[in-house]
Amino acid sequence: MQELKHLKESASQTAGPYVHIGCVPNFCDIKGVYPHDLGDTMVNAETRGERITIKGTVYDGTGTPLKDAMVEIWQADANGIYPSNDPRGAADPNFTGWGRKAGDYDTGEWAFDTIRPGAVPFPDGRMMAPHITFWIVARGINIGLHTRMYFPDADNGADPLLMRIEHQNRVPTLIARLETDGVYRFDIHLQGEKETVFLDV
Amino acid sequence: MTDQNGAFFHRDRSWQPPAYCPNYKTSVVRSPQKALISMNTTLSEQTGPVFGHNILGALDNDLILNYAAEGEMAIGERIIVHGRVLDQNGRGIPGVLLEFWQANAGGRYRHKKEGYLAPLDPNFGGCGRTITDENGGYSFRTIKPGAYPWPNRANDWRPAHIHFSLFGSGFAQRLITQMYFEGDPLIWKCPIVETIPSREAIEQLIAPLDMENTVPMDARAYKFDMVLRGRRSTLFENRKEGN
């Protein structure tokens, strides 16, 4: 029999408590190496779409905020097109789609200024409800955690991913809360009763 | 384009470290207890941010100089770290943004939450980045980091290591890992290394000394290749005949 020659993916390791040095050096007072931290700004004055802010905190299994987590998001533009590698065409050139924030050193809270994404199709052609992809790393997290944020003021009932979650009582962990006009809160619970649904994508 | 945007090979979770590893104490309350929900990748994971060489400054891949005062250099063992980023099909991946960070030669990180008594090096910041070339190749220059004590068990020390963050072309490939150095006896005592289930997977994170690429009278070289998830073709995804 012939051999399959696929390589194994490199093993993940924790980002550690000092992930800021490499990923957000200006945030941790290492100035003058990079002009600004990558992922700091997702929009500019020309970006199309409804401006929103997404904020939240990552909590551990004891209910304590993580003050050393780093959160990245990836989302489509207002028309539902991804800013790179999207086979369906060009996205809004004034939108990066990708953001990266470290939690505040004292409170653990992070916030992204972005736009509300348009809907994107599932591989079988059904439309997924508008959502934002999250990736979370920190000390104590051995491999980055994937999840999604959905909007409380959208129709999520026919979303192909949400529908296939067996424990439907966990679906609300993926839905942000409208905090004030245009500001959504999406807290992430790593463990316990309120545990966020994490994805093996 | 269809091929480029194919679904990713499923991640082998038995090869990757599990979330809960009690010898690495912080993981105890930071590990999900419920099963992950498995799904095939969609456009949301098959796409991802792509970075152009225009983001790079001239010294971004030289940690000996990128934080140093004019005419000065970081102190420590001068090394070159180089290698390739491959996909699981063995093909080099061009355009991968690599970010790396590390402690200085004495094991001290430039971070306000770090209290180790070894001193900071005024000429060493500890961060760098580069983007892989058309063959997936990369290199950077730095000083070899020192081992570093940490509050886990009473006498735990991290082996010398460099942290790496990698962006492939899809967000599903997002990976953070650590590179270790050939022959370091601390590797086999470290509870963070030990989160990786197999010796074979750990060996894949150990960079060998590479005398062929060592620059005489200047800097030794270490070779470190990394592998990101591969993609399968999607040409026939919605057709009965399959792939």
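A pocket is an open set of points, on a 1 Å grid over the protein atoms alone, where a 1.4 Å probe fits, with protein on both sides within 12 Å along at least five of seven lines; lining residues have an atom within 4 Å of a point. This is a predicted model, in which local features need pLDDT of at least 70 and side-chain atom pairs count only at pLDDT 80 or more, while totals for chains, interfaces and linings use all residues. Residues are numbered from 1 along each chain as its sequence is written, and chains are lettered from A in the order in which they are written.

The largest pocket has a volume of about 450 Å³, a volume being the space filled by probe spheres set on the points. Its lining comprises 28 residues, and A:Pro17, A:Tyr18, A:Arg139, B:Tyr148 and B:Pro151 lie nearest its centre.

Chain B and chain A bury about 7400 Å² between them, 56% of it on carbon and sulfur atoms; this is the accessible area (1.4 Å probe) lost on being put together, summed over both. In chain B, the residues that lose the most area to chain A are B:Arg30, B:Ile37 and B:Phe171, together 11% of what that side buries.

| Chain | Residues in the contact |
|---|---|
| Chain B | 88 residues |
| Chain A | 77 residues |

The interface of chain B and chain A holds 8 salt bridges, each a side-chain nitrogen of Lys or Arg within 4 Å of a carboxyl oxygen of Asp or Glu. B:Glu45 forms a salt bridge with A:Arg148, with the closest N and O atoms 3.0 Å apart.

Technical notes. Side-chain values use heavy atoms; hydrogens and water are left out. Contact means heavy atoms within 4.5 Å. Buried area is the accessible area (1.4 Å probe) that two parts lose on being put together, summed over both.
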